[in-house]
Amino acid sequence: MSEKTPASPSQTAAPARKLRQATRLVHGGTMRSQFGETSEALFLTQGYVYESMEAAEARFKGELPGFLYSRFSNPTVAMFEQRMALLEGAESARATGSGMAAVTAALMGQVKAGDHVVAAKALFGSCRYVVEELLPRFGVESTLVDGTDLAQWRAAMRPTTKVLFLESPTNPQLEIIDIAAVAKIAHAGGAMLTVDNVFATPLLQSPLEMGADCVVYSATKHIDGQGRCLGGVILASEEFIQAHVHNLLRQTGPAISPFNAWVLLKGLETLPVRVAQQMRSAATLADHLAGKRGVARVLYPTRKDHPQHELAMRQMSGGGTVLALDLAGGKDAAFRFANQLRVIKISNNLGDAKSLITHPATTTHQRLSPAIRAESGIGDGLLRLSVGLEDVADLIDDLDAGLAAL
Ligand SMILES: Cc1ncc(COP(=O)(O)O)c(C=O)c1O
């Protein structure tokens, strides 16, 4: 890329021949500088210099291509966005400083005072805060429904409904919501569907292909995959991004650091290998735990006993890297079990190379009242296990030590 005329990612991306996904995740979106570096460059810069006042004017008018200011345009961030767009099959992507910045911007960008939002109840706690508390402060009403019940989605629609919002599988009880059916309900009512696709990862589920209008990620999870950087991404059509997202991000500034974007860009190279391995282990551990003394229930989408097994098989190409287990002895049993673990760490994060276990009722979902937790299936015995890259035999030994304490 010359200093005068920065290339767009598409100009220097991998050849025009249609490449397969794993190849796109290694090469897609790469913009090489004049030094021809192998690894993508980290452009840790706030601003850009122009060769003349006329050039600056032309860039600001959009008559010359190039970057203006890293709050909204940076070459390393652009490479990450382009690689994400290729992975998701989206026309356009915008990166943000965290997953919550992506969710908040995607939702707020679509509504104004007087509008209405419908969302599934089983949302990550902070997403629920945005829908239930933040949006209403700005005159946007919201209704929460049981996401697995299509009749509830239909009944909640109003003439003012602009956005439907869901995550699937849900956190932490791994419920599966019918994305194609909810997209149809949204469109029939003149609204649009946004899907938080964190648990499925872009590899196992493609909401845009199922009719969703916008997909959001916490890139903090599997996309980094090694517990280092926060980040988020919003993916949609170019028209959607221009109408609802671009200017909001540009003017309000929830920008991702180029350094974090670089880490996440490199994370994408190994995403398929990591997710495949973690998913194999998750399926093995789910089968290992099922039916053991003290384990009331194991939830993993591709197991036959999962309540929405058939739907999971239809809309996902794998069960994901997270499983949930419900212990018969409630909180006391959950704490005794988790306190025995040595390899698996107690942490509320997920999608990491390290296996992490959390007790949602006392951590991620403790803000919810006991009644709402019960209604959402988040009992006191529920543990969420994010499966990492350790040898699965060591994870089995660890879980067996936990079981022995029950
Ligand atoms: C489903 C889901 N959405 C959004 C987020 C928020 O992401 P971040 O922590 O990157 O802001 C999380 C984080 O745990 C999550 O699990």
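The legends below describe close-up views of a predicted model, taking the ligand shell, the pocket, a loop and a cavity in turn. Local features need pLDDT of at least 70 and side-chain atom pairs count only at pLDDT 80 or more, while totals for chains, interfaces and linings use all residues. Residues are numbered from 1 along each chain as its sequence is written, and side-chain values use heavy atoms, with hydrogens and water left out.

**View 1. The shell of residues around the ligand****.** Ser 98, Gly 99, Met 100, Phe 124, Glu 167, Asn 171, Asp 196, Val 198, Ser 218, Thr 220, Lys 221 and Gly 231 surround the ligand, each with a heavy atom within 4 Å of it. By class, three residues of this shell are nonpolar, six polar and three charged. Here Ala, Val, Leu, Ile, Met, Phe, Trp, Tyr, Cys and Pro count as nonpolar, Asp, Glu, Lys and Arg as charged, and the others, Gly among them, as polar.

View 2. On a 1 Å grid over the protein atoms alone, a pocket is an open set of points with protein on both sides within 12 Å along at least five of seven lines, and lining residues have an atom within 4 Å of a point. The elements α5 (99–108), α6 (125–137) and β6 (214–218) each give two or more residues to the lining; helices (H or I, at least four residues) and strands (E, at least two) are DSSP runs. The lining comprises nine nonpolar, 10 polar and four charged residues.

**View 3. The loop between β4 (161–167) and α8 (179–188)****.** Most residues other than glycine have a negative phi, and most peptide bonds are trans. Ser 168 and Pro 169 are joined by a cis peptide bond with omega about -5°, and Pro 169 is placed in this loop. A cis peptide bond also joins Asn 171 and Pro 172, with omega about 5°; Pro 172 lies in the loop. Leu 174, in the loop as well, has a positive phi near 55°.

**View 4. The largest cavity****.** A cavity is a set of grid points where a 1.4 Å probe fits but cannot get out. Across the whole structure, one cavity of 30 Å³ or more is found; the volume of the largest cavity is about 40 Å³. Its lining consists of Val 198, Thr 201, Pro 202, Tyr 217, Ser 218, His 222, Ile 223 and Leu 271. Two or more of these residues come from each of α9 (201–204) and β6. Five lining residues are nonpolar, three are polar and none is charged.

Technical notes: Points joined across faces, edges and corners; volume = space filled by probe spheres on them.
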